[in-house]
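Consider the pockets of the protein shown below: which elements line them, and what kinds of residue do they bring?

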Amino acid sequence: MSVAIYPGSFDPITNGHLDIITRLSKIYDEVIVAVLNNSAKSPLFTTDERIELIEKCVKGLDNVHTETFDGLLVDFARLKNVTTIVKGLRAISDFEYEFQMALLNKKLSPDIETLFMISSENHMYISSSIVKEIAKFGGALTGLVPDEIVNDLKLKIEKRG
Ligand code: PNS
């Protein structure tokens, strides 16, 4: 059975993430969306909330599961017995950081491969940080995050003040 781990902060999930997850679900038997549980990054949504939001968006994708992880990604992959990590690549600007992480992960765990999936053209410019900024200033979120979570994002931003 082919399994891929798609890791990230997902604070919150965007249409770019969902596009990659959907495409991956057609290639792999199982896709594990691995949500980093990292308090140091002070995310807008708690880990549980981020998982809830992802689950709302992947309801129709039966072979996609969401899990949380702490510590090193390669340790999580080893724990799950999965040897493929997939990262999304938007622009050239993503490449340097992703290249560094892929090489470090390879050094830490040579049996685990990182594969890159190029973002769809219409999602190239979307990132969770930009989406949060737009939400903060009341901009339109349609097309940036899945419709299922637009209100959750607006409410969270309102609560935060
Ligand atoms: O969505 P993000 O914030 O770009 O995702 C980054 C993530 C979670 C994939 C990355 O920070 C990560 O793998 N963190 C786990 C810690 C780790 O393994 N660090 C070493 C990588 S070289």
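α5 (128-136) and α6 (147-160) each give at least two residues to the lining of the second largest pocket; helices (H or I, at least four residues) and strands (E, at least two) are DSSP runs, numbered from the N terminus. The model is a predicted one, in which local features need pLDDT of at least 70 and side-chain atom pairs count only at pLDDT 80 or more, while totals for chains, interfaces and linings use all residues. Residues are numbered from 1 along each chain as its sequence is written, and side-chain values use heavy atoms, without hydrogens and water.

A pocket here is an open set of points on a 1 Å grid over the protein atoms alone, where a 1.4 Å probe fits, with protein on both sides within 12 Å along at least five of seven lines; lining residues have an atom within 4 Å of a point. The second largest pocket holds about 200 Å³, a volume being the space filled by probe spheres set on the points, which are joined across faces, edges and corners. Its lining consists of L44, S129, K132, E133, K136, I157, R160 and G161. The largest share, 4 residues, is from α5. By type, the lining has 2 nonpolar, 2 polar and 4 charged residues, where Ala, Val, Leu, Ile, Met, Phe, Trp, Tyr, Cys and Pro count as nonpolar, Asp, Glu, Lys and Arg as charged, and the others, Gly among them, as polar.

The largest pocket has a volume of about 1100 Å³. Of its 42 lining residues, G8, S9, K41, Y97 and E98 lie nearest the centre. β1 (3-8), α1 (15-27), β4 (84-89), α4 (92-108) and α5 each supply at least two lining residues, with the largest share, 9 residues, coming from α4. This lining divides into 17 nonpolar, 17 polar and 8 charged residues.
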